[in-house]
Structure formats: structure tokens, C-alpha cells
Amino acid sequence: MRFDHVNLRTSRLAEMRVWYVEVLGLTDGWRPDFAFDGAWLYAGEIAVVHLIAVDEEPGSDPADLKIEHFAFAADDLAGFRQRLAAQNIVPRERQVPGTDILQFNIHDPDGNHIHVDFRTGSSKP
């Protein structure tokens, strides 16, 4: 098993699409011809973020599902730091105790919590 994708409903499709490309470095790609607007954003060959356009702000209805966070394992730590700086995003960084994982906690334009994990090769308790 592996992470396949997360599906996010958004009333800001264009802004979300740009954010995932410019901040996380995903690429906009092929999407089936659904009867509703959206976008599929790829990490390599896998469409890991599926965006679905909705009319109202997600979460405005108490029955809406909410995601606490989703995470990506990544490399190119220096490149990621540069993308964040270019977008004026200040992440909350955290070394996961007892591991070599450095975690960057950020939020997309809809407020979804994402962490991007980098293996650093050293662990700090």
C-alpha cells in the first residue's frame, strides 16, 4: 500500500491549483472528463491531489467532512525552502522525535493542514 491521493473540495479552484504547483511543486495534469470542474495535480506519474470545484466554502455545512492533515514524503529540502520563501510562507518546522524526519507544517489557501516530510539522515530526540 502507498498513498494514492487526497480529494479536496474548494470554492477557490484556480487559487488552489496555482498554490499546489508553486508551493509543493506538483504539476497540473490529465483529469477524466467529469461532469464537474476540478483539477488533478501530480507528483511524478501519480495524481496525488484531486481538487473538486464547489460553489460554497468547504466546511460551511456541518455535515462536510474535514481533514486534519495529509502528508507528503519529499526530497530536495533546499529547493522546497526556496519555494516557500518565494511565496512568503513561513512553515512550522518540527523534527519528529526519535526519527530522521524533518516536518514542515503549512496550510493551503483553504486552510487544509499539510505536512511535507524530509529524511535528514540524523535524528534528534
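Select Asn112 to start. At 16% relative accessibility, Asn112 counts as buried (buried is under 20% relative accessible area, exposed over 50%, partly exposed in between, with a 1.4 Å probe and protein chains only). Asn112 sits in the loop that links strand 7 and strand 8. Helices (H or I, at least four residues) and strands (E, at least two) are DSSP runs, numbered from the N terminus. Show the contacts of Asn112, with contact meaning heavy atoms within 4.5 Å. Not counting residues up to four places away in sequence, Asn112 touches Leu8, Met16, Ile106 and His107.

A word on the model. It is a predicted one, where local features need pLDDT of at least 70 and side-chain atom pairs count only at pLDDT 80 or more, while totals for chains, interfaces and linings use all residues. Residues are numbered from 1 along each chain as its sequence is written, and side-chain values use heavy atoms, with hydrogens and water left out.

**Helix 1**

Select residues 13–22, which make up helix 1. Colour Leu13, Met16, Trp19 and Tyr20: these are buried. Now look down the axis of helix 1. The buried residues fall within an arc of 130°, so they line one face of the helix; the arc is that of the directions from the helix axis to the C-beta atoms. What covers them? The cover includes strand 1 (6–10), strand 3 (38–43), strand 4 (46–53), strand 5 (70–74), strand 7 (101–107) and strand 8 (113–119).

**The core**

Stay with Tyr20. Not counting residues up to four places away in sequence, Tyr20 touches Leu8, Gly25, Leu26, Leu41, Val49, Phe70, Asp108 and Ile114. A nonpolar core is a set of buried Ala, Val, Leu, Ile, Met, Phe, Trp, Tyr and Cys residues joined through side-chain atoms within 4.5 Å. The largest such core has 25 residues, and Tyr20, Leu24, Val49 and Ile106 touch the most other members. Two or more residues each come from strand 1, helix 1, strand 3, strand 4, strand 5, helix 2 (77–86), strand 7 and strand 8. Helix 1 gives the largest share of this core, four residues. In soluble globular proteins, nonpolar side chains tend to be buried together.

**Aromatic pairs**

Display the rings next. The structure holds eight aromatic pairs. Rings of Phe, Tyr and Trp (its six-membered ring) pair if their centres lie within 6.5 Å; planes under 30 degrees apart count as stacked, over 60 as edge-to-face and the rest as tilted. Pick Trp30 and Trp40. Their ring centres are 5.8 Å apart and their planes stand at 85°, so this pair is edge-to-face. Trp30 lies in the loop between strand 2 (27–29) and strand 3, and Trp40 in strand 3, so the pair ties together parts that are ten residues apart in sequence. Buried or exposed: which is Trp30? At 59% relative accessibility, Trp30 counts as exposed. Trp40, with a relative accessible area of 15%, is buried.

Go on to Phe70 and Phe72. The centres of these rings are 5.7 Å apart and the planes are at 80°, so the pair is edge-to-face. Phe70 counts as buried at 5% relative accessibility, and Phe72 is buried at 11%.

**Strand 3 and its partners**

Select strand 3. Five of its six residues are buried. Strands pair if DSSP finds at least two bridges between them. Strand 2 and strand 3 run antiparallel, joined by three bridges. Here Gly29 has Trp40 as its bridge partner. Strand 3 also pairs with strand 4, in the antiparallel sense, over six bridges. On that side, Trp40 stands opposite His50. Two residues lie between the strands of this hairpin, where Gly44 takes a positive phi near 65°.

Four strands form an open sheet in the order 5-8-7-6, with mixed pairing. Strand 5 and strand 6 (92–95) stand at the edges, each with a single partner strand, so one side of each is left without a neighbour in the sheet. Zoom in on strand 6 and strand 7. Four bridges join these antiparallel strands, and Gln95 is partnered with Leu102 in strand 7.

Finish on helix 2. Helix 2 lies across strand 6, strand 7 and strand 8, and runs at about 20° to strand 7 (axes are lines fitted to C-alpha atoms, for helices over the stretch in contact, and angles run from 0 to 180 degrees between N-to-C directions).
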